[in-house]
Amino acid sequence: MNENKKKELAVAALENGTVIDHIPSDSLFKVVDLLGIQSLENSVTIGNNLDSKKYGRKGIIKVADVTFPESTLNRIAIIAPNAVINEIKDYEVVNKRKVSLPDDIYGIVKCSNPKCITNNEPMRTHFHVIDRDNMVLKCHYCERTEVKDKITLK
Amino acid sequence: MNNESLVSISDLTKEEILELLEKARKFEENPNQRLLEGKVVATLFFEPSTRTRLSFETAVNRLGGRVIGFSDASTTSSSKGETMHDTIRMVANYADLIIMRHHLEGAARYASEFSPVPIINAGDGANQHPSQTMLDLYSIYKTQGTLENLTITMVGDLKYGRTVHSLLMAMYHFKPVFNFVACQELQMPVEYKLFCEEHGIEYHESTDFSEEIINQSDILYMTRVQRERFTDLLEYERVKDLYNLHNSMLDNSKENLRILHPLPRVNEIAYDVDANPKAYYFQQAQNGLYAREAIICKVLGIDVK
């Protein structure tokens with residue numbers, strides 16, 4: 001317990017803002033990118049390859065004085081399905097929840113079908129989540145399905 | 001988004017399908033009705049398809065409407081790099097309805113999202129071709145008197161055949177039994193078999209095109225086995241004639257059996273079948289006119305008396 005506390009402190013405590021925890025290490029920088037954290041002016045602390053009881057290694061992101069809209073945070077569910085969001089106020093966690101995959105995913109996933117209209121016109125992609133547990137997506141346009149391991153981001 | 005567009009057969013409810021069949025029946029009785037007087041319909045064929053375009057344009061003409069459009073994108077601004085989006089927006093200024101065919105999958109769905117006038121999908125790559133499905137349904141309905149509880153045998157290329165996939169999806173409303181007859185390389189894809197299982201539809205698979213299967217069938221839906229679909233050309237040579245239909249194979253078939261084929265055919269139906277009253281593929285193509293007249297009126301919200 002004491003060990004853990006030390007690690008938490010290693011990535012700095014937050015007075016107000018958002019902590020995104022339990023991000024798979026290999027997805028951490030994709031999450032940063034999806035949330036547009038690189039262009040924020042606020043103070044941001046990023047930790048990666050930290051020990052995790054559940055997942056072996058994990059990444060964590062702390063952003064001061066920002067609360068993200070729920071729909072924005074759910075965008076990361078595709079690459080970090082077990083991520084946990086902590087809202088911090090005055091050093092206390094006031095809200096804690098897991099991200100959840102939305103029914104429809106806009107503009108994030110790339111369709112693997114080269115003959116799909118989305119790969120040929122300047123437009124936003126749109127996928128339906130047809131199987132939440134196995135993460136199976138279906139392109140709204142060409143109707144091809146994408147399974148978990150084959151999903152690529154734009 | 002224009003909700004009246006027809007992009008995929010699965011956009012239609014059972015009731016809407018039955019309504020369209022009833023409209024098609026009225027158009028067969030009287031194909032020339034001036035219901036599109038004063039209307040302009042654009043046929044935008046980014047990919048050439050003479051058969052489908054002529055059928056749609058005939059439908060518009062018999063309804064008294066006027067047609068603008070192109071039959072080959074190489075003569076349009078697409079060849080200068082204009083996006084499909086801009087082409088559709090431009091044409092929508094002129095026409096009351098856009099009928100489009102495109103080699104890219106999802107093109108019609110996308111167009112239906114921003115077009116101020118309805119879109120009818122006349123084929124988007126290997127994806128959807130709902131007017132073909134409507135004419136297949138009308139042909140089945142007309143020859144069998146019903147769509148319910150029929151045994152439908154699909155033969156040939158079940159893997160890439162867009163028409164068999166759409167027909168399967170549309171028939172699920174009507175409790176069919178399917179026989180899928182194809183070689184190993186061209187079997188019905190797993191997703192469609194799962195679809196059958198999820199909806200409690202009975203199906204049987206066979207690599208053998210036997211008379212036993214033909215004799216159980218109410219509808220024999222033949223498709224073309226194309227050489228370019230095979231990764232192994234030896235396999236193609238081995239199977240290419242196994243799924244051909246000859247007149248002698250129909251000797252003990254049901255009286256009500258009808259043979260359908262989306263056309264063009266090559267070898268898969270021998271010419272000696274043509275004279276058999278059970279051969280229905282040419283009338284099937286003609287039914288396309290009535291089915292398309294019905295679809296055009298539906299998307300434009302025109303009532304058919």
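**Exercise 1.** In this predicted model, work out how the axes of helix H5 (residues 130-144) of chain B and helix H10 (residues 281-299) of chain B are arranged where they come within 8 Å.

*Solution.* Start with the angle: the two axes cross at roughly 115°. Next, recall that angles of 65 to 115 degrees count as roughly perpendicular. H5(B) and H10(B) are therefore roughly perpendicular to each other. Finally, look at the handedness: the crossing of H5(B) past H10(B) is right-handed.

Now list the residues that make the contact. H5(B) brings B:Ser131, B:Met134, B:Leu135, B:Tyr138, B:Ser139 and B:Lys142. From H10(B) come B:Gln284, B:Asn287, B:Gly288, B:Tyr290, B:Ala291, B:Arg292 and B:Ile295. Sorted by class, the residues of this contact are 6 nonpolar, 5 polar and 2 charged.

**Exercise 2.** Find how many residues of chain A are in contact with chain B, and sort the chain A side by class.

*Solution.* Begin with the counts: 15 residues of chain A meet 12 residues of chain B. Then sort the side of chain A that touches chain B, and you get 7 nonpolar, 5 polar and 3 charged residues.

Note on methods
Residues are numbered from 1 along each chain as its sequence is written. Chains are lettered from A and ligands numbered from 1 in the order in which they are written. This is a predicted model: local features need pLDDT of at least 70, side-chain atom pairs count only at pLDDT 80 or more; totals for chains, interfaces and linings use all residues. Axes are lines fitted to C-alpha atoms, for helices over the stretch in contact, and angles run from 0 to 180 degrees between N-to-C directions. Helices (H or I, at least four residues) and strands (E, at least two) are DSSP runs, numbered from the N terminus. Angles under 35 degrees count as roughly parallel, over 145 as roughly antiparallel, 65 to 115 as roughly perpendicular and the rest as oblique. A crossing is left-handed if the near helix is turned anticlockwise from the far one by less than a right angle, and right-handed if clockwise. Two residues are in contact if their C-beta atoms, placed from the backbone, lie within 7 Å. Ala, Val, Leu, Ile, Met, Phe, Trp, Tyr, Cys and Pro count as nonpolar, Asp, Glu, Lys and Arg as charged, and the others, Gly among them, as polar.
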